[in-house]
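Me: I would like to learn how to read a few features of a structural model with some care. Could we take them one at a time, with the general idea before the particular case?

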Amino acid sequence: MPRKGMRTIFFKPSPSGSPARPGAPMRSGDPFADTLMAERIARAEPLIKKWAVDFSNPESSPSSSTTSGNAGAARLFREGRHEAKLYLSKVKDLHSAMLHCIGEDSNSGAIVRAHELLQTAVRRLSQEFHQILSSQLPYPDHPESVSSRSSRASTRSSFSDFEYESEDELSAKQFAAEPVMQEDERVPNAAVSDLKAIADCMIACGCGKECMDIYKIVRRSVVDEELYHLGFERLIGPSQMQKMDWEVLEVKVKSWLSAAKPAVQRLFSGERILCDKVFTAASVRDSIFSNIAQDAAVALFGFAEGVAKSIKTSPERIFRLLDLYQAIANLWPDIESTFSSTATTAVRSQAINSLIKLGEAVRATLGNFEAAIQKDSAKQSPIPNGGIHPLTRYVVNYLAFLADYDSVLADILANWPINSSPEHPRFPDSYFAGCESAASIAAGDGDASAMFTWFSWLLLVLLCKLDVKAEQYKDVALSYLFLANNLRYVMDKVARSNLRHLLGKHWVEKHESKVKLYASNYERTGWSKVFSSLADLPVKISSGQAKESLRKFNAALEEVRAKQAGWAVPDSKLRDEITRSLAEKLVPAYRRLHDSCPRGDSAVKYSPDDLDNYLAGMLRATGGGSESLSTASPRSSSHWPSPFRLLRGRRGEKSRAGDV
């Protein structure tokens with residue numbers, strides 16, 4: 001603040017209002033009153049003049065020529081505890097004498113002289129108050145630097161030596177010289193006690209406004225400066241946010257997220273504690289703290305509301321909305337405690353309003369996300385090898401990340417219906433059969449109901465979309481392989497994320513059985529001719545029957561091999577389940593034919609081991625199944641092609657959901 005402005009506060013005349021006068025006032029001219037006033041002036045004047053502030057240099061040292069050391073750095077509350085205590089006591093005694101002596105005629109020379117001395121003392125105390133606040137009391141980095149939260153129950157300073165004592169009582173005591181304290185030792189206790197002692201003295205002398213104005217100006221500048229150093233820019237409004245590129249706004253959101261917790265738990269809480277320790281009256285404390293912190297806190301939480309209003313509801317950006325919501329929700333107990341007074345209601349209201357707007361933005365984004373799944377074009381060419389569709393990859397990874405925000409989403413999605421059947425709108429009647437979460441939904445079990453409903457619904461939307469995409473395949477077997485691959489991918493992500501807890505055991509078991517059903521349908525439709533060639537074999541097979549069956553088997557197998565060249569099952573577990581199932585059905589029957597046919601016969605092209613090895617090597621990403629049976633690797637061979645690499649969804653490349 002400019003020096004001139006601070007002088008205005010320092011040297012402003014005392015306000016007309018004064019504390020209630022104890023006892024009946026004495027009239028000026030009363031011999032006893034004149035004697036009392038002269039005595040109090042004589043006792044106070046030397047010390048007050050010693051520490052008088054030079055009008056031309058408010059930072060000056062005591063005017064007394066006896067003061068030693070660096071004149072420009074002399075400060076009353078740093079020179080010694082006894083002199084500071086004595087100074088406050090003399091000022092209070094002088095003011096008390098003035099209250100007793102002022103009568104109808106208050107223009108006597110003694111009263112005027114006492115008033116001038118009091119003004120001189122107030123200027124010194126104002127300067128000391130400002131110096132301690134701005135230099136000797138930098139904002140503490142730790143809560144214990146000022147106090148603990150429990151200290152707010154008491155408004156008295158632990159440094160009780162500054163409780164008012166008359167000069168006679170002080171004179172009767174012997175003060176031992178106190179050791180010089182290091183700066184970091186005296187800031188937490190002595191400096192706060194000094195501030196309280198000065199504030200109590202100035203308020204008692206009718207100069208409370210000057211004291212409070214200094215406090216508010218200095219501590220408000222501390223709050224603003226600390227928020228700046230924490231990385232929060234107060235000047236950014238919703239209109240500016242709407243014009244920002246997402247990359248720029250996201251950086252500012254990250255800065256806000258790192259600043260919010262220390263701002264609430266250290267900065268605002270510390271200012272609340274400090275204010276409570278310096279000022280005694282609850283109404284005064286609340287008013288001053290509101291003046292210091294309310295605007296900054298409203299701006300801090302208003303930033304989150306501004307983001308909620310300005311951010312486009314792109315699915316990838318929902319995570320920043322959730323981060324903001326989670327940060328404010330986690331800080332709510334601290335917000336409610338620190339800004340508990342009526343004077344700071346606006347801060348609590350802003351925090352709540354930000355949560356409301358963020359929740360609305362999250363719900364709108366989820367609605368757009370569902371619509372995007374529904375609108376995904378079915379005219380796109382099907383995945384050639386029946387592998388994982390980019391839509392599956394994107395949606396499931398997105399939901400897996402969302403599941404990490406389960407506690408936040410439970411709050412946001414509570415009482416937000418999906419608009420479907422009388423009980424479970426949109427869901428088919430059989431969808432919840434036997435599902436433990438269905439009971440939770442029917443019973444209205446808040447969190448479980450909302451979370452299960454929304455996540456299972458979005459997955460159902462995805463699976464229905466995959467059913468439509470499966471119909472694009474001309475080969476029925478490949479469509480079933482596509483469904484098995486994609487559902488297995490979904491189940492794998494569910495198992496390895498928080499989705500498994502949100503969806504429940506029954507949902508997982510039900511959809512695992514669907515994977516097996518799709519795999520079984522692939523075998524049935526894709527290998528039907530091969531199975532037919534080995535069907536209805538008699539107990540004893542003649543060589544003629546064996547040759548005929550082998551020719552049919554060879555033709556059917558070559559047809560399958562040619563058709564399914566390049567088909568893939570990326571999941572090794574599912575692939576092994578399919579190939580082992582085929583081997584169990586085909587190899588034993590083929591071995592009977594092989595053994596029943598004369599050795600060296602032209603009908604025998606492959607040995608049973610060749611068939612087993614071929615089956616083990618099929619359905620791999622590099623086009624497994626296209627190699628010849630005689631060169632196929634055995635099941636335990638290390639020559640197998642590398643597992644199929646998961647394709648990244650186009651949108652997933654730019655989102656958190658695509659990082660998995």
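Me: Is Cys-205 buried or exposed?

Reply: This is a predicted model, and in it Cys-205 has a relative accessibility of 4%, which is why the residue counts as buried, the cut-off being under 20%.

Me: How should I read the nonpolar core, and which residues have the most contacts inside the largest one?

Reply: In soluble globular proteins, nonpolar side chains tend to be buried together. Here the largest nonpolar core has 177 residues, and those with the most contacts inside it are Phe-129, Trp-256, Phe-268 and Trp-527. Helix α17, spanning residues 446-470, gives the most to this core, with 14 residues. Leaving aside residues up to four places away in sequence, Phe-129 touches several others, among them Leu-195, Ile-198, Cys-211, Tyr-215 and Phe-279.

Me: How many aromatic pairs does a search of the whole structure find?

Reply: A pair of aromatic rings is described by the distance of the centres and the angle of the planes. The search of the whole structure finds 15 aromatic pairs. One of them joins Phe-268 and Phe-339, edge-to-face, at 5.5 Å centre to centre and with 65 degrees between the planes. This pair links distant parts of the chain, since Phe-268 is in helix α10 (residues 246-278) and Phe-339 is in the loop between α12 (318-338) and α13 (345-375), 71 residues apart. Both Phe-268 and Phe-339 are buried.

Me: Why is the pair of Phe-319 and Phe-401 called edge-to-face?

Reply: The ring centres of Phe-319 and Phe-401 are 6.0 Å apart and the planes stand at 75 degrees, so the pair is edge-to-face, the cut-off for that class being over 60 degrees. Phe-319 in helix α12 and Phe-401 in helix α14 (residues 390-403) are 82 residues apart, and their pair links distant parts of the chain. Phe-319 is buried, with a relative accessible area of 1%, and Phe-401, at 17% relative accessibility, also counts as buried. Phe-319 and Phe-401 belong to one aromatic cluster together with Phe-369, Tyr-394, Tyr-398 and Tyr-405.

Me: Which residue lies over the face of Tyr-489?

Reply: Arg-393 does, at 5.1 Å from the ring centre of Tyr-489.

Me: What should I note about the backbone of Leu-619, and where is its place?

Reply: Leu-619 has a positive phi of about 60 degrees although it is not a glycine. Its place is in the segment after α23 (608-617), and at 1% relative accessibility Leu-619 counts as buried.

Terms used. Residues numbered from 1 in each chain as written. Predicted model: local features only at pLDDT ≥ 70, side-chain atom pairs only at ≥ 80, totals over all residues. Heavy atoms only, no water. Core = buried A, V, L, I, M, F, W, Y, C linked by side-chain atoms within 4.5 Å. Buried < 20%, exposed > 50% of the residue type's maximum accessible area, 1.4 Å probe, protein only. Helix = DSSP H or I, 4+ residues; strand = E, 2+ residues; numbered from the N terminus. Contact = heavy atoms within 4.5 Å. Phe/Tyr/Trp six-rings, centres within 6.5 Å; stacked < 30°, edge-to-face > 60°. Lys NZ or Arg CZ within 6 Å of the ring centre and 35° of its normal.
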